[in-house]
Amino acid sequence: MKAIARSQYGPPDVLQFLEVAKPTPKENEVLIKLYAASVNPLDLFHMRGAPLFRRIPGLRTPKQQVLGCDIAGRVEAIGGHVKQFQPGDEVFGVTGFAGGGFAEYVCAIEDKLALKPTNLSFEEAAAVPVAAITALQGLRDKGRIQPGQKVLVDGASGGVGTFAVQIAKSFGAEVTAVCSKGNVDTARSIGADHVIDYTRRNFTQSGQRYDLILGANAHHSIFDYRRALSQDGIYVIVGGGLPQIFQGMLLAPLLSRIGSIKACFFIANMNHKDLVSLKDLLEAGKVVPVIDRRYPLSDAAEALRYLEERHARGKIVLTVEHSNGT
(Lines give C-alpha, C1' and ligand atoms only; values in the text may rest on other atoms or scores of the structure.)
Protein backbone atom coordinates (compact mmCIF):
# COMPACT_ATOMS: atom_id res chain seq x y z
CA MET A 1 0.00 0.00 0.00
CA LYS A 2 0.97 3.67 -0.28
CA ALA A 3 1.82 5.59 2.89
CA ILE A 4 3.60 8.67 4.16
CA ALA A 5 6.69 7.23 5.88
CA ARG A 6 9.98 8.44 7.34
CA SER A 7 13.16 6.84 8.67
CA GLN A 8 14.34 9.69 10.89
CA TYR A 9 13.08 12.58 12.99
CA GLY A 10 13.04 15.99 11.40
CA PRO A 11 11.04 18.61 9.45
CA PRO A 12 8.37 17.75 6.88
CA ASP A 13 11.14 17.19 4.33
CA VAL A 14 11.88 13.79 5.93
CA LEU A 15 8.45 12.47 4.88
CA GLN A 16 8.19 10.32 1.77
CA PHE A 17 5.27 8.85 -0.17
CA LEU A 18 6.28 5.19 -0.38
CA GLU A 19 5.12 1.63 -0.87
CA VAL A 20 5.02 -0.13 2.51
CA ALA A 21 3.62 -3.40 3.81
CA LYS A 22 -0.13 -3.52 4.34
CA PRO A 23 -0.88 -4.19 8.04
CA THR A 24 -2.67 -7.23 9.46
CA PRO A 25 -5.14 -6.75 12.34
CA LYS A 26 -4.46 -8.26 15.76
CA GLU A 27 -7.23 -10.02 17.68
CA ASN A 28 -8.69 -6.77 19.07
CA GLU A 29 -8.06 -4.67 15.97
CA VAL A 30 -9.91 -3.61 12.85
CA LEU A 31 -8.25 -3.22 9.44
CA ILE A 32 -9.60 -0.08 7.79
CA LYS A 33 -9.45 1.01 4.17
CA LEU A 34 -8.88 4.71 4.68
CA TYR A 35 -10.55 7.50 2.73
CA ALA A 36 -9.44 10.43 4.89
CA ALA A 37 -7.20 11.44 7.78
CA SER A 38 -6.51 14.72 9.52
CA VAL A 39 -3.36 16.29 10.93
CA ASN A 40 -2.80 17.23 14.57
CA PRO A 41 -0.08 18.88 16.68
CA LEU A 42 0.66 15.37 17.96
CA ASP A 43 1.78 14.47 14.43
CA LEU A 44 4.22 17.39 14.46
CA PHE A 45 5.70 16.17 17.74
CA HIS A 46 6.06 12.64 16.43
CA MET A 47 7.57 13.93 13.19
CA ARG A 48 10.25 16.09 14.78
CA GLY A 49 10.72 14.04 17.96
CA ALA A 50 11.79 15.31 21.36
CA PRO A 51 15.34 16.77 21.47
CA LEU A 52 16.41 13.78 23.58
CA PHE A 53 15.35 11.38 20.81
CA ARG A 54 17.53 13.17 18.28
CA ARG A 55 20.68 13.13 20.42
CA ILE A 56 20.91 9.65 21.93
CA PRO A 57 22.09 6.82 19.64
CA GLY A 58 19.42 4.16 19.44
CA LEU A 59 16.62 6.68 19.80
CA ARG A 60 17.32 8.55 16.57
CA THR A 61 15.36 6.09 14.44
CA PRO A 62 11.63 6.40 15.18
CA LYS A 63 9.71 3.19 15.85
CA GLN A 64 6.66 4.86 14.34
CA GLN A 65 7.44 4.94 10.62
CA VAL A 66 4.00 6.19 9.49
CA LEU A 67 2.40 9.19 11.19
CA GLY A 68 -1.31 9.96 11.61
CA CYS A 69 -3.90 9.26 14.29
CA ASP A 70 -7.24 10.78 13.11
CA ILE A 71 -8.87 8.45 10.58
CA ALA A 72 -12.07 7.63 8.69
CA GLY A 73 -12.76 4.77 6.32
CA ARG A 74 -14.44 1.42 5.73
CA VAL A 75 -13.76 -1.79 7.66
CA GLU A 76 -11.83 -4.25 5.47
CA ALA A 77 -11.26 -7.06 8.01
CA ILE A 78 -11.56 -7.69 11.76
CA GLY A 79 -9.56 -9.55 14.38
CA GLY A 80 -10.94 -12.62 16.08
CA HIS A 81 -12.04 -10.82 19.26
CA VAL A 82 -13.72 -7.83 17.59
CA LYS A 83 -17.46 -7.66 18.33
CA GLN A 84 -18.61 -4.11 17.49
CA PHE A 85 -17.79 -3.95 13.77
CA GLN A 86 -18.11 -5.97 10.59
CA PRO A 87 -16.44 -5.67 7.17
CA GLY A 88 -18.14 -2.91 5.20
CA ASP A 89 -18.92 -0.71 8.23
CA GLU A 90 -18.00 2.96 7.81
CA VAL A 91 -16.04 4.07 10.87
CA PHE A 92 -14.08 6.98 12.32
CA GLY A 93 -11.72 7.23 15.25
CA VAL A 94 -8.06 7.20 16.21
CA THR A 95 -5.03 4.96 16.01
CA GLY A 96 -3.55 6.56 19.13
CA PHE A 97 0.20 6.79 19.65
CA ALA A 98 0.65 3.88 17.26
CA GLY A 99 0.20 6.24 14.29
CA GLY A 100 -0.21 4.70 10.86
CA GLY A 101 -3.08 6.91 9.71
CA PHE A 102 -1.33 8.61 6.79
CA ALA A 103 -1.77 5.55 4.59
CA GLU A 104 -4.21 3.65 2.40
CA TYR A 105 -4.88 1.09 5.16
CA VAL A 106 -4.43 1.08 8.92
CA CYS A 107 -5.20 -1.12 11.92
CA ALA A 108 -6.90 0.39 14.97
CA ILE A 109 -8.16 -1.00 18.28
CA GLU A 110 -11.94 -1.40 18.14
CA ASP A 111 -12.44 0.56 21.39
CA LYS A 112 -10.99 3.65 19.70
CA LEU A 113 -13.49 3.57 16.83
CA ALA A 114 -17.18 4.24 16.26
CA LEU A 115 -19.57 4.11 13.33
CA LYS A 116 -19.20 7.19 11.15
CA PRO A 117 -21.97 9.79 11.49
CA THR A 118 -24.37 9.19 8.62
CA ASN A 119 -24.54 12.85 7.63
CA LEU A 120 -20.78 13.35 7.39
CA SER A 121 -18.36 12.65 4.56
CA PHE A 122 -15.22 10.68 5.32
CA GLU A 123 -13.23 13.92 5.24
CA GLU A 124 -15.55 15.59 7.75
CA ALA A 125 -15.49 12.52 10.01
CA ALA A 126 -11.68 12.36 9.96
CA ALA A 127 -11.58 15.96 11.20
CA VAL A 128 -13.41 15.07 14.40
CA PRO A 129 -11.77 12.57 16.79
CA VAL A 130 -8.74 14.06 18.59
CA ALA A 131 -9.84 17.71 18.52
CA ALA A 132 -13.50 17.10 19.39
CA ILE A 133 -12.82 14.56 22.15
CA THR A 134 -10.29 16.96 23.67
CA ALA A 135 -12.89 19.74 23.62
CA LEU A 136 -15.63 17.49 25.01
CA GLN A 137 -13.57 16.10 27.89
CA GLY A 138 -12.08 19.49 28.70
CA LEU A 139 -15.51 21.11 29.01
CA ARG A 140 -17.52 18.23 30.48
CA ASP A 141 -15.08 16.26 32.63
CA LYS A 142 -12.48 18.82 33.69
CA GLY A 143 -14.52 21.99 33.39
CA ARG A 144 -17.77 20.51 34.75
CA ILE A 145 -19.76 22.74 32.38
CA GLN A 146 -23.36 23.58 33.31
CA PRO A 147 -26.25 25.23 31.44
CA GLY A 148 -26.25 29.01 31.74
CA GLN A 149 -22.58 29.31 32.62
CA LYS A 150 -20.36 31.94 31.05
CA VAL A 151 -17.71 30.02 29.12
CA LEU A 152 -14.72 31.49 27.30
CA VAL A 153 -12.78 29.58 24.64
CA ASP A 154 -9.32 31.04 24.03
CA GLY A 155 -8.07 29.92 20.62
CA ALA A 156 -11.58 29.48 19.27
CA SER A 157 -10.64 29.26 15.60
CA GLY A 158 -8.37 26.20 15.70
CA GLY A 159 -9.26 22.51 15.64
CA VAL A 160 -10.06 22.12 19.34
CA GLY A 161 -11.46 25.63 19.62
CA THR A 162 -14.05 25.34 16.85
CA PHE A 163 -15.39 22.15 18.43
CA ALA A 164 -15.26 23.64 21.95
CA VAL A 165 -17.45 26.61 20.99
CA GLN A 166 -20.11 24.32 19.51
CA ILE A 167 -19.98 21.71 22.26
CA ALA A 168 -20.25 24.40 24.95
CA LYS A 169 -23.32 25.77 23.18
CA SER A 170 -24.84 22.28 23.09
CA PHE A 171 -24.55 22.22 26.90
CA GLY A 172 -26.51 25.48 27.10
CA ALA A 173 -23.60 27.78 27.98
CA GLU A 174 -23.16 31.43 27.03
CA VAL A 175 -19.98 31.28 24.97
CA THR A 176 -17.34 33.91 24.33
CA ALA A 177 -14.82 33.08 21.60
CA VAL A 178 -11.33 34.61 21.51
CA CYS A 179 -9.61 34.65 18.12
CA SER A 180 -7.86 36.89 15.60
CA LYS A 181 -9.66 39.49 13.49
CA GLY A 182 -9.65 37.24 10.44
CA ASN A 183 -11.52 34.50 12.27
CA VAL A 184 -14.27 36.57 13.90
CA ASP A 185 -16.86 35.63 11.28
CA THR A 186 -16.03 31.93 11.62
CA ALA A 187 -16.50 32.11 15.40
CA ARG A 188 -19.89 33.76 14.98
CA SER A 189 -20.96 31.26 12.33
CA ILE A 190 -20.42 28.31 14.71
CA GLY A 191 -22.57 29.86 17.41
CA ALA A 192 -20.41 32.03 19.67
CA ASP A 193 -22.54 34.53 21.59
CA HIS A 194 -19.65 36.98 21.91
CA VAL A 195 -16.39 37.25 19.97
CA ILE A 196 -13.21 38.98 21.14
CA ASP A 197 -10.48 39.93 18.68
CA TYR A 198 -7.38 39.38 20.80
CA THR A 199 -5.37 41.85 18.68
CA ARG A 200 -7.67 44.65 19.89
CA ARG A 201 -8.73 43.59 23.36
CA ASN A 202 -7.13 41.62 26.20
CA PHE A 203 -9.96 39.74 27.89
CA THR A 204 -7.84 39.06 30.99
CA GLN A 205 -7.82 42.82 31.72
CA SER A 206 -11.42 43.65 30.84
CA GLY A 207 -12.92 42.96 34.27
CA GLN A 208 -15.35 40.39 32.82
CA ARG A 209 -15.48 37.12 34.77
CA TYR A 210 -16.15 33.64 33.41
CA ASP A 211 -17.26 30.42 35.09
CA LEU A 212 -15.10 28.30 32.80
CA ILE A 213 -12.17 29.14 30.53
CA LEU A 214 -10.87 26.57 28.08
CA GLY A 215 -7.41 27.43 26.79
CA ALA A 216 -7.40 25.72 23.42
CA ASN A 217 -4.45 27.89 22.41
CA ALA A 218 -3.32 29.52 25.62
CA HIS A 219 -1.10 32.61 25.30
CA HIS A 220 -1.43 34.24 28.72
CA SER A 221 0.05 33.16 32.04
CA ILE A 222 -1.97 30.99 34.39
CA PHE A 223 -2.29 33.98 36.74
CA ASP A 224 -3.91 36.09 34.00
CA TYR A 225 -6.47 33.37 33.34
CA ARG A 226 -7.24 33.03 37.06
CA ARG A 227 -7.90 36.77 37.22
CA ALA A 228 -10.59 36.38 34.56
CA LEU A 229 -12.43 33.61 36.44
CA SER A 230 -15.44 34.04 38.68
CA GLN A 231 -15.60 32.63 42.21
CA ASP A 232 -15.27 28.82 41.97
CA GLY A 233 -14.35 29.17 38.31
CA ILE A 234 -12.27 26.60 36.42
CA TYR A 235 -9.46 27.09 33.91
CA VAL A 236 -8.73 24.08 31.68
CA ILE A 237 -5.51 24.05 29.64
CA VAL A 238 -5.58 21.89 26.51
CA GLY A 239 -3.06 23.67 24.29
CA GLY A 240 -0.68 26.57 23.89
CA GLY A 241 3.04 27.15 24.04
CA LEU A 242 5.47 25.24 26.23
CA PRO A 243 5.46 27.92 28.99
CA GLN A 244 1.69 27.65 29.35
CA ILE A 245 1.76 23.85 29.29
CA PHE A 246 4.50 23.68 31.93
CA GLN A 247 2.58 26.16 34.08
CA GLY A 248 -0.45 23.93 33.76
CA MET A 249 1.45 20.82 34.72
CA LEU A 250 3.46 22.33 37.59
CA LEU A 251 1.52 25.31 38.96
CA ALA A 252 -2.11 24.35 38.36
CA PRO A 253 -2.25 21.59 41.02
CA LEU A 254 -0.68 23.90 43.61
CA LEU A 255 -2.88 26.90 42.82
CA SER A 256 -6.00 24.75 42.87
CA ARG A 257 -5.25 23.73 46.47
CA ILE A 258 -4.92 27.24 47.87
CA GLY A 259 -8.12 28.85 46.60
CA SER A 260 -11.60 28.31 45.25
CA ILE A 261 -10.48 28.90 41.66
CA LYS A 262 -9.32 25.72 39.95
CA ALA A 263 -6.89 25.14 37.10
CA CYS A 264 -5.83 21.93 35.37
CA PHE A 265 -3.93 20.57 32.40
CA PHE A 266 -4.97 17.27 30.88
CA ILE A 267 -4.40 14.95 27.94
CA ALA A 268 -7.56 13.55 26.40
CA ASN A 269 -8.46 9.86 26.62
CA MET A 270 -9.58 8.61 23.21
CA ASN A 271 -12.43 6.11 23.62
CA HIS A 272 -15.45 4.56 21.92
CA LYS A 273 -18.02 6.02 24.32
CA ASP A 274 -17.08 9.64 23.65
CA LEU A 275 -16.88 9.02 19.90
CA VAL A 276 -20.49 7.81 20.09
CA SER A 277 -21.46 10.92 22.08
CA LEU A 278 -19.90 13.08 19.38
CA LYS A 279 -21.62 11.03 16.67
CA ASP A 280 -24.96 11.91 18.26
CA LEU A 281 -24.11 15.63 18.37
CA LEU A 282 -22.90 15.57 14.77
CA GLU A 283 -25.97 13.74 13.46
CA ALA A 284 -28.21 16.17 15.35
CA GLY A 285 -26.48 19.08 13.64
CA LYS A 286 -25.35 20.58 16.96
CA VAL A 287 -21.70 20.25 15.98
CA VAL A 288 -20.29 20.75 12.47
CA PRO A 289 -16.60 20.16 11.61
CA VAL A 290 -14.81 23.26 10.33
CA ILE A 291 -12.28 22.31 7.64
CA ASP A 292 -9.72 24.88 6.54
CA ARG A 293 -7.80 22.99 3.85
CA ARG A 294 -7.78 19.63 2.11
CA TYR A 295 -4.66 17.97 0.72
CA PRO A 296 -4.15 14.66 -1.08
CA LEU A 297 -2.33 12.07 1.05
CA SER A 298 0.80 12.49 -1.08
CA ASP A 299 1.00 16.15 0.06
CA ALA A 300 0.99 15.36 3.80
CA ALA A 301 4.26 17.23 4.22
CA GLU A 302 2.63 20.42 2.92
CA ALA A 303 -0.32 19.91 5.26
CA LEU A 304 2.03 19.63 8.24
CA ARG A 305 3.97 22.72 7.15
CA TYR A 306 0.72 24.67 7.10
CA LEU A 307 -0.24 23.31 10.54
CA GLU A 308 3.13 24.45 11.93
CA GLU A 309 2.36 28.01 10.88
CA ARG A 310 -0.47 27.96 13.47
CA HIS A 311 -2.86 29.90 11.26
CA ALA A 312 -5.27 27.05 10.49
CA ARG A 313 -8.97 27.85 10.75
CA GLY A 314 -10.44 24.60 12.01
CA LYS A 315 -8.97 21.32 10.78
CA ILE A 316 -6.62 20.27 7.98
CA VAL A 317 -7.64 17.07 6.18
CA LEU A 318 -5.86 14.53 3.97
CA THR A 319 -7.89 12.73 1.33
CA VAL A 320 -6.90 9.19 0.39
CA GLU A 321 -7.41 7.93 -3.15
CA HIS A 322 -6.56 4.28 -3.75
CA SER A 323 -4.63 2.97 -6.72
CA ASN A 324 -7.73 1.26 -8.11
CA GLY A 325 -9.57 4.59 -8.11
CA THR A 326 -11.88 3.82 -5.17
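Biologist: At what angle do α1 and α11 pack, and how far apart are their axes?

Modeller: First, the ground rules. This is a predicted model, where local features need pLDDT of at least 70 and side-chain atom pairs count only at pLDDT 80 or more, while totals for chains, interfaces and linings use all residues. Residues are numbered from 1 along each chain as its sequence is written, and side-chain values use heavy atoms, with hydrogens and water left out. Now your pair: α1 and α11 pack at about 110°, with axes 10 Å apart. Axes are lines fitted to C-alpha atoms, for helices over the stretch in contact, and angles run from 0 to 180 degrees between N-to-C directions. Helices here are DSSP runs of H or I, at least four residues; strands are runs of E, at least two; both are numbered from the N terminus.

Biologist: So what do we call that arrangement of α1 and α11?

Modeller: Roughly perpendicular. The classes are under 35 degrees for roughly parallel, over 145 for roughly antiparallel, 65 to 115 for roughly perpendicular, and oblique for the rest.

Biologist: Which residues meet there, α1 against α11?

Modeller: From α1, P41, D43, L44, M47 and R48; from α11, L304, L307 and E308. Contact means heavy atoms within 4.5 Å. By class, the contact has five nonpolar, no polar and three charged residues. Ala, Val, Leu, Ile, Met, Phe, Trp, Tyr, Cys and Pro count as nonpolar, Asp, Glu, Lys and Arg as charged, and the others, Gly among them, as polar.

Biologist: Which residues of α11 are buried?

Modeller: In α11, residues 300-308, they are A300, A301, A303, L304, Y306 and L307. Buried is under 20% relative accessible area, exposed over 50%, partly exposed in between (1.4 Å probe, protein chains only). Their cover includes β1, α1, β14 and β15.

Biologist: Next pair. How do α4 and α10 pack?

Modeller: At about 95°, with the axes 10 Å apart. That makes α4 roughly perpendicular to α10. Helix α4 brings P129, A132, I133, L136, Q137 and R140, and α10 brings D274, L275, S277 and L278. The class count is six nonpolar, two polar and two charged residues.

Biologist: Switching to rings. How many aromatic pairs are there?

Modeller: Three in the whole structure. In one of them, Y225 and Y235 have ring centres 4.3 Å apart and planes at 15°, so they are stacked. Rings of Phe, Tyr and Trp (its six-membered ring) pair with centres within 6.5 Å; planes under 30 degrees apart are stacked, over 60 edge-to-face, the rest tilted.

Biologist: Where do Y225 and Y235 sit?

Modeller: Y225 is in helix α7 and Y235 in strand β12, 10 residues apart. Y225 is buried at 0% relative accessibility, and Y235 is buried at 1%. Ring pairs link F203, Y225 and Y235 into a cluster.

Biologist: How many disulfides?

Modeller: Zero in the whole structure, taking a disulfide as two cysteine sulfur atoms within 2.5 Å. For C107, the nearest cysteine sulfur is that of C69, 16 Å away.

Biologist: Are C107 and C179 buried or exposed?

Modeller: C107 is buried at 14% relative accessibility. C179 is buried too, at 2%.

Biologist: Last one. Where is D13, and is it buried or exposed?

Modeller: D13 lies in the loop between β1 and β2. At 60% relative accessibility, D13 is exposed.
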